[in-house]
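Subject: The model for you to look at

Hi,

Here is the structure I promised to pass on. Please open it alongside this message, and my notes follow below.

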Amino acid sequence: MNPETQNILTGLFQNTEIEDFHFSAKGVSTFSRGRWKTLSELSPFSEIDLDSLARKIAENVSAQMGLNIPALDSFFDFDATHRFRAHLIVSPLSVLGTEISLRRLNLSRDFKLDDFDWPEANTKHLVTDFYAKKKNFLICGSTGSGKTSFLKALLALSPIYHRIVILEDSPELFLERPLLSHLICRTQRFGSRPGAFWNLGHLVIESLRMRPDRLILGECRGSEASAIAQALFTGHSGILSTLHAGSAGEGLKRFTALAQMPHLDSSNWGWDAVIFLERGGEGNIRRRVREFLWIK
């Protein structure tokens, strides 16, 4: 990457109000305060610069982009203070050539439940009480609704002697705790990726052998739901997971579908509570708890 491109990236990434970045042959776009903006003052990056940045990101997971791997989820440490979740697509999957999407990860931010808007004053106290009793939480919302941030706020309530095991497909939850294990999956999305692979379902099985007080599934969106369901059925407590859904009720329905157990309804699951989050309107950076569904 040439020095000019490096300087442009440094200036962009230092603006911490920007949540997401998108780089392509058409130019650079940013997402902040609820809307996308194209930076017309910046010239589009050359394909050489885009390829160089994509290769640098792919190196984090020992991958080489190309026909066998035309898309990749990874992470990108630009420097010691700026880490991003990264998604890459290249030709022939992308008509425009290399495209890079980055989402900022808040490494130093200590999220608290007070950072969220609550529908009623006692709802926060109920959530805090449920968490202290090691209840199982399903946290739902759309992209950017604050699910991961809310998860961090809950984890901050854990006693220091609790053993926490985090399972993710890309590292987003960073905690400084002595009793912490952080497991990352490796997938074969295109069927031809070289090397060993293990999915989130495998990690759930491994984690249950580690005697966790809190088992955290960064995002439930596939077959790992079945493994989590088995853990819920067998009486494990302290399980928390996020899931993309449009409401608390839809979250339970989607989990049922992902777990491939349509004969069960919400009363049969081991979830104790479902929280549905949404982001504020355009220009409002705060997230809010829209629903708190108390199952049992």
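**What I found**

Arg-33 is partly exposed, with a relative accessible area of 35%; buried means under 20% relative accessible area, exposed over 50%, and partly exposed in between, with a 1.4 Å probe and protein chains only. This residue sits in the loop between β2 and β3 (35–38); helices (H or I, at least four residues) and strands (E, at least two) are DSSP runs, numbered from the N terminus. Arg-33 is not a glycine, yet its phi is positive, at about 50°.

Before going further, a word on the source. This is a predicted model, in which local features need pLDDT of at least 70 and side-chain atom pairs count only at pLDDT 80 or more, while totals for chains, interfaces and linings use all residues. Residues are numbered from 1 along each chain as its sequence is written, and side-chain values use heavy atoms, with hydrogens and water left out.

The chain has a mean pLDDT of 86, with 91% of its residues at 70 or more; pLDDT is the predictor's confidence in each residue, from 0 to 100.

**Backbone**

Lys-134 is another residue that has a positive phi without being a glycine, here about 60°. Its place is in the loop between α3 and β8, and it is partly exposed, with a relative accessible area of 23%. There is also a cis peptide bond between Ser-91 and Pro-92, with omega about 10°; Pro-92 belongs to the loop between β5 and β6. For context, most residues other than glycine have a negative phi, and most peptide bonds are trans.

**Two helices with a buried face**

Which residues of α1 are buried? They are Thr-5, Leu-9, Leu-12 and Phe-13. Viewed down the axis of α1, these fall within an arc of 90°, so they line one face of the helix; the arc is that of the directions from the helix axis to the C-beta atoms. Pro-3, Glu-4 and Asn-7 are exposed on the other side of α1. The buried residues of α1 pack against several elements, including β1 (20–24), α2 (47–58) and β4 (71–79); contact means heavy atoms within 4.5 Å.

Helix α3 (residues 121–132) has Thr-123, Val-127, Phe-130 and Tyr-131 buried. These cover an arc of only 100° around the axis, which puts them on the same side of α3. Ala-121, His-125 and Ala-132 are exposed on the face turned away from the buried side of α3. The cover over the buried residues of α3 includes β8, α4 (147–155) and β12.

**A buried serine**

Strand β12 (residues 239–244) contains Ser-241, which is buried, with a relative accessible area of 1%. Leaving out residues up to four places away in sequence, Ser-241 touches Phe-137, Leu-138, Ile-139, Leu-217, Glu-219, Cys-220 and Trp-271.

**A helix pair**

The axes of helix α5 (residues 200–208) and helix α6 (residues 224–233) come within 7 Å and cross at roughly 25°. Axes are lines fitted to C-alpha atoms, for helices over the stretch in contact, and angles run from 0 to 180 degrees between N-to-C directions. The two helices are therefore roughly parallel to each other; angles under 35 degrees count as roughly parallel, over 145 as roughly antiparallel, 65 to 115 as roughly perpendicular and the rest as oblique. Leu-200, Gly-201, Val-204 and Leu-208 in α5 meet Glu-224, Ala-227, Ile-228 and Ala-231 in α6.

Best wishes
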